[in-house]
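Reader: I would like to learn how to read a structure such as this one, feature by feature. Could you show it to me and then take my questions in turn?

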Amino acid sequence: MFNKRAKAHSLLFMFMFLLVLNFSLSQGDELELLLSFKSSINDPSGFLSNWNSSIPLCMWHGITCNNFSRVKAIEIIEKNISGSISSSIFHLSEIETIDLSTNKLSGEISCNIVSSASLRYLNLSNNNLTGVVPICSISLEILDLWNNSLSGKIPPQIGVCWNLKELDLGFNYLVGRIPSSISNISSLQRLTLAGNELIGQIPRAINKMKSLKWIYFGYNNLSGEIPQELGDLVSLNLLNLVYNNLSGQIPSSLGNLSNLQHLYLYKNKLTGKIPPQIGECSNLENLDLSDNYLVGRIPSSISNISNLELLDLSGNSLIGQIPCALSKMKSLKWIYFGYNNLSGEIPPELADLVSLNHLYLVYNNLSGQIPFSLGNLTNLQYLFLFGNKLTGLLPRSIFGLRKLIGLDLSDNYLFGEIPELIIELQSLEILHLFYNDFTGKLPNALASLPRLQVIDLASNSLTGEVPSLICNISSVEVLVLADNNLSGIISPCLGNFSKRLTILDLWMNSFHGTILETFNEDCGLRNINFNGNKLEGSLPRSLVNCRNLEMMDVGDNKLNGTFPYWLGSLPELQVLVLRSNKLGGVLHSSKTIHPFPKLRILDLANNGFTGPLPQGMIKNLKAMMNLNEQQSSLQYMNGRYYKYVVNLTVKGFSIIANIPTIFTSIDLSNNNFHGEIPSVIGKLRSLKGLNLSHNSLSGHIPTSMGYLSSLEWLDLSSNKLIGKIPNELTDMTFLAFLNLSHNQLTGPIPQGKQFSTFENGSYDGNLALCGFPLSKACNEDGRERSYPSFSKEADDSETKISFGWKIVLIGYGCGLIFGVIFGYVTFRNGEPKWFITLYGVKYHRKGRRCSRN
């Protein structure tokens, strides 16, 4: 106790001494200190140009003096200054405010801050400062170091800053635990530690800080339960603990926080039910409990929060019906209940929420019809009900929502025609009605919606032709009419009616005729999908005007002619699907210097191409040689509100899937290629899949194929290949599917690694092969030697049974892309709700549900 008192007296004496010392500084001394500060920084904007001895110090830019002509404040905000902060400014005897926020300052913060007995306000936020958190002076009331590059732990000495009212250390690189000593700052009103790498539990002693109005601990790695003691902080206005690893139940004591206006707990691991006591937080304006593991029903007590504007409970496991009592919450503007297990009908009483702006009830089990009463929500801008079991006709009242910007009713069981009344929605920008049972023709009224940017009516039963009036919508960016029963020719205007059009998807309809030469120099298309129609003729050369084209799929049509070499000049083309047409001829080398620079999916299967494999083309496929796979998370090719989909043959299966940005494949199967497989194919080291089956290829399998270290499936079946299977193929450690059947291969089958997992079917029809898994052993000279005979019927039965499940297990164990491409990947982890709302829609095909966004 004596030592503590002695240290306190010594500290007090030091500050009194410094105070006297600083007070003795003359104005000349202050000028010298400020010029020293100026010399340590760069000032490209010239803001400090009048900092010189010929001008009175109190007239300098950014300087404020007190009545005694002493420097009281330095404020140089958002002036693009850089360099380090000289410690000299902390020696100014009567300095109270230093604000150097939103610049490019670097270096460490001087520890001399502790020597300033007058400093009350220090704001160095939004710079590039490094080092540790400095110890503040006892006089300091506001310390703002937000958004720098500070590291290390929060010093426990922070607890001696007794006069602090605001402490902001957010968005740095701080580690360790929140020191319990911080609870000694009883005057603290705002505490921001968000956006660091803090661990451990929230200190329970925090309840001693009775003045706290603001707690922002989000975006850390905090764990454990939310302390019940937080309920003692009755002055609290904001509690933000988002993006942590907090677990356990939401404390019922939070109901004591009658002054709380903002409660954000989303993206944690909270469990249990929503405590009904939450309804006692009568001043709440924003309540976000989304993306946790909450269960049970939505408590009707929430309806007692009359001031609530935002209510987000999405991404949990809530059940039951939506409480009708919500209709009492007249201030509600945003309701987000998506991605739960809510059931029953949408309460008609929601129509009483006349302030409602967003209604987001997606991916639940809601049934029944869309209430006619929703037409009373005259302020509604976004109505998202997709992914439910809603049925019936579109209520006419919806078309009275004149402020509606986004309408997404996709993935339900709605039927009937899309009425011409849609013309009333003059503010509409996003229209998603895909995956329903709508019939009839496309309404001409769509052409009269001046702001419409996204039209997705895929996977319905729409009929008739695409009206040419649709080309009047100059604002449209995405036009998706796929998987319907539309017919007629593709209107010539679709190639050039909008400079903004990026997605044109007419997949799986009955369009016929030719693709006209209508793509002009203003073409902004990134994705063209005409797959599965009855189109004839050759591809138009005007497609070279679409310089942003990333994907082109015209497979499963009746196109003829030769390979379109001129597409090789498109700098962004990544996916080219021409499969199942009537194309033919020899694939020659392109005249383009570096053709197809980004191509990573090439599908020419089921055509009439002949001649040798295109060695010149293969050696230029740079994107398949060095594709960067170092991505922090799985990403897909996408456009606005749209994720690219392609129909491919993967490991022997025909699939429709989203396209990961690391996916690469070549399919040249079912053509008339002959000659040898060029050894240059071994350079495609990023290749995931290669299918050359059902051609007339001859010669040996090149040993260079062993360099295809990323390959997951290889199909060379039904050719005329000879010789041994190269042992180098065992280096393909990710290979999960191999089909070499129906060739003329000889000798022993390579053993070890992935080859020990392949079944008999991989080698059928090669009569001179021997070794495991075949029933023919090899002699020492490598020729076949018969095993003891077994029952043929038993052997066949075992092969048929074992082949299937082993291949599936191999595919999951070794084929990452294969597993992912079949998987359902949600947006649930990592994106804010507004992004999920606008971008996280699901696009389904009839009978085939595949994620669209």
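This is a predicted model: local features need pLDDT of at least 70, side-chain atom pairs count only at pLDDT 80 or more; totals for chains, interfaces and linings use all residues.

Reader: How many disulfides does a search of the whole structure find, and how are the bonded cysteines paired along the chain?

Author: A disulfide is a covalent bond between the sulfur atoms of two cysteines. In this model the search of the whole structure finds five disulfides. If the bonded cysteines of the protein chain are numbered in sequence order, the pairing reads 1-2, 3-4, 5-6, 7-8, 9-10.

Reader: Which cysteine does the disulfide join to Cys58, and what is the handedness of that bond?

Author: The partner of Cys58 is Cys65, with an S to S distance of 2.1 Å. The torsion about the S-S bond of Cys58 and Cys65 is about -100 degrees, and therefore this disulfide is left-handed. As for accessibility, Cys58 is partly exposed at 30%, whereas Cys65 is buried at 19% relative accessible area.

Reader: What does the UniProt record place at residues 29–66?

Author: An unreviewed UniProt entry places there the feature "domain: Leucine-rich repeat-containing N-terminal plant-type". In the model, the chain over residues 29–66 is 29% helix and 13% strand, and the C-alpha atoms at the ends of that stretch are 16 Å apart.

Reader: Where do Cys136 and Cys161 lie, and how far apart are they in sequence?

Author: Cys136 and Cys161 are joined by a disulfide with an S to S distance of 1.9 Å. Cys136 lies in the loop between strand S8 (128–130) and strand S9 (142–144), while Cys161 lies in the loop between strand S10 (151–153) and strand S11 (166–168), so the pair ties together parts that are 25 residues apart in sequence. Both of these cysteines, Cys136 and Cys161, are buried.

Reader: What is the torsion about the S-S bond of Cys523 and Cys546?

Author: A disulfide joins Cys523 to Cys546, with 2.2 Å from S to S. The torsion about this bond is about 95 degrees, so the disulfide of Cys523 and Cys546 is right-handed. The pair links distant parts of the chain, 23 residues apart, with Cys523 in the loop between strand S40 (510–514) and strand S41 (527–529) and Cys546 in the loop between strand S42 (534–537) and strand S43 (551–553). Cys523 is buried, with a relative accessible area of 8%, and Cys546 is also counted as buried, at 0%.

Reader: In which sense do S38 and S40 pair, and in which sense do S40 and S42?

Author: S38 and S40 pair in the parallel sense, over three bridges, and Ser487 has Ser510 of S40 as its bridge partner. S40 and S42 likewise pair in the parallel sense over three bridges, with His512 standing opposite Lys534 in S42.

Reader: Where is Gly488 found, and which residues is Gly488 in contact with when its neighbours within four places in sequence are left aside?

Author: Gly488 is found in strand S38, residues 485–489, and is buried with a relative accessible area of 5%. Apart from those sequence neighbours, Gly488 is in contact with Glu465, Ser510, Phe511 and His512. Gly488 and Val466, although 22 residues apart in sequence, are 7.8 Å apart in space from C-alpha to C-alpha.

Reader: Is Glu477 in its loop buried or exposed?

Author: Glu477 sits in the loop between strand S36 (461–464) and strand S37 (478–480), and its relative accessibility of 14% means that Glu477 counts as buried. Leaving aside neighbours within four places in sequence, the contacts of Glu477 include Gln453, Arg500 and Arg640.

Terms used: Residues are numbered from 1 along each chain as its sequence is written. Side-chain values use heavy atoms; hydrogens and water are left out. A disulfide is a pair of cysteine sulfur atoms within 2.5 Å. Buried means under 20% relative accessible area, exposed over 50%, partly exposed in between (1.4 Å probe, protein chains only). Helices (H or I, at least four residues) and strands (E, at least two) are DSSP runs, numbered from the N terminus. UniProt positions are given in the numbering used here, feature names are shortened, and annotations may be inferred rather than shown by experiment. Contact means heavy atoms within 4.5 Å. Two strands pair if DSSP finds at least two bridges between them.
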